[in-house]
Amino acid sequence: MELHFKVILGSIIALMLGIAATSPILVPNLALTTKIQLDVDVVYAYFGVQEFNSQITGLWRNSSNIYEYDLRFVSYFIVLNITNLSDKLAIIEEFEASAAQEILICNGTNRVGSERLRENMSVSPSNVGFNVEMENRIVTDFRDVSRYYPGWSQYLSPKTSRLIALTGIVEVSNTAAYDALQSGTIYLFGRVKGRPLGEGTSSTAFCLKHVQPQGVGKDRLYNCVISENQMWRMDTNGLDVYIETRR
Amino acid sequence: MLSDEELEGTTLKVYVYIVKYGKPVGPREVMRGVNLSSPSVALRHLQKLEALGLLQKNSHGKYTIKEKVNIKGHFWVGRNLVPRLIFYSFFFMGVLIAEITILTIRFSINEPMQTEFLFLTSITAIATILFLIEGIMLHLKTKKD
């Protein structure tokens, strides 16, 4: 009994010494398991539509192309509400906003979003993490802010939210996408990727909404955050936005 | 200082038995305890150990430990002789556990695996197994000799 106890004790000590000997590489790797929990929501999306006659001088692109159509430009202003749900200071690395007629997100074996894509498309392989499939895309805007971005602060304090806008203008040549924006329902997709300050691993949050934007003339609006007497004010960095009351 | 040749085989086994027994022993007890063919064989080994200065004979003709010496390749754990290789194998087992933990962490967060690290982990696994097998074999040999 004494032998067993002492041999077991000695073995455990030897085992611990072995683990301790690897601590210079083990500890930094253990720190990789530290993650933050982020949340994102698409709270506002405005799509301004402009159509140009392709016969107008200067916009004439290819007269020999029988499929030539009038030029349709969509300017967009999409606001993401990003929240740091964890108790650690987060560093925002990337964010993205998209709008399309059909969007399907494969998150591991989970599939959320477009029923049509789920039925008709084989997204493979289905078990390899985060994957987004779109059909009849209207807009996609992606920003990598992991490095220096003028005037932008990467940090997001614990338990706080931040409104970030993605703006730009795109030509929508896909007729189905354009029609979906004009008359149907569309999917809005938002994604944010961040990591904890110091050692840790990046984590990604996303949101997907199936919405019917309201018409403002030819423009389309989805709004669930701003009221009649409020307006957006954009920071000089071109990303952060704030809600202000109209005077 | 003893040479390895002086304390090996049955002599070593007799010595280990007496250390483990912890009480004065006679040739008959040694014969039974170590499975020797006769008390005279046991006595010869006891006398050899006495001559080496490891045992001393008391007034009742029984032998007791005079000095507990280090045996090459072994540790004394209390009154028991355990091969060092077993502890070495546990040391490498600790290293192996840490390396597997690192691999598991990296796999779970989709971090790239370095080929060199996989190679080193397999080397550690081989070292652990070899030390353990050699240690157990040495332990059994000390018991059987």
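Across the interface of chain A and chain B, 0 salt bridges are found by the rule, which asks for a side-chain nitrogen of Lys or Arg within 4 Å of a carboxyl oxygen of Asp or Glu. The model is a predicted one. The contact between the chains involves 19 residues of chain A and 18 residues of chain B. The size of an interface is often given as the accessible area lost when the parts come together. Here chain A and chain B bury about 1700 Å² between them. Carbon and sulfur atoms account for 82% of that area.

**Chain B**

Chain B contains 5 helices and 4 strands. Read from the N terminus, the order of its elements is α-α-α-β-β-β-β-α-α. Of the 145 residues in chain B, 39% are buried. Among the contacts in chain B with a separation of 6 or more, 53% are between residues 24 or more positions apart.

Helix 3 of chain B covers residues 39–51. This helix has 13 residues, and the distance from its first C-alpha to its last is 18 Å, close to the 18 Å expected at 1.5 Å a residue. Which residues of helix 3 of chain B are buried? They are B:Val41, B:Ala42, B:His45, B:Leu46 and B:Leu49. Viewed down the axis of helix 3 of chain B, the buried residues fall within an arc of 135°, so they line one face of the helix. The face turned away from this buried side carries B:Arg44 and B:Ala51, which are exposed. The cover over the buried residues of helix 3 of chain B includes helix 1 (9–21) and helix 2 (27–34) of chain B. Strand 1 (55–57) and strand 2 (63–65) of chain B also contribute to that cover. Just after helix 3 of chain B comes B:Gly53, with a positive phi of about 85°.

**Chain A: strand pairs**

Strand 11 of chain A spans residues 219–223 and is mostly covered, with 4 of its 5 residues buried. Strand 11 pairs with strand 1 of chain A and with strand 10 of chain A.

| Strands of chain A | Sense | Bridges |
|---|---|---|
| Strand 1 (residues 38–52) and strand 11 | antiparallel | 4 bridges |
| Strand 10 (residues 214–216) and strand 11 | antiparallel | 3 bridges |
| Strand 12 (residues 230–234) and strand 13 (residues 241–245) | antiparallel | 5 bridges |

In strand 11 of chain A, A:Asn223 stands opposite A:Tyr44, and A:Asp219 stands opposite A:Val216. Strand 10 and strand 11 of chain A form a hairpin with 2 residues between them. A:Gly217, in the turn of this hairpin, has a positive phi of about 65°.

Strand 12 and strand 13 of chain A also form a hairpin, with 6 residues between the strands. A:Gly238 in that hairpin takes a positive phi near 80°. Opposite A:Trp232 stands A:Ile243 in strand 13 of chain A.

**Chain A: A:Ala31**

Where is A:Ala31 placed? A:Ala31 lies in helix 2 of chain A, which covers residues 23–31. Leaving aside residues up to four places away in sequence, A:Ala31 touches A:Glu199 and A:Gly200. A:Ala31 and A:Thr201 are 170 residues apart in sequence, while their C-alpha atoms are 8.3 Å apart in space.

Methods:
Residues numbered from 1 in each chain as written. Chains lettered and ligands numbered in written order. Predicted model: local features only at pLDDT ≥ 70, side-chain atom pairs only at ≥ 80, totals over all residues. Heavy atoms only, no water. Buried < 20%, exposed > 50% of the residue type's maximum accessible area, 1.4 Å probe, protein only. Pairing = 2+ DSSP bridges. Expected span 1.5 Å × (residues − 1). Arc of directions from axis to C-beta. Contact = heavy atoms within 4.5 Å. Buried area = accessible area lost by both parts, 1.4 Å probe.
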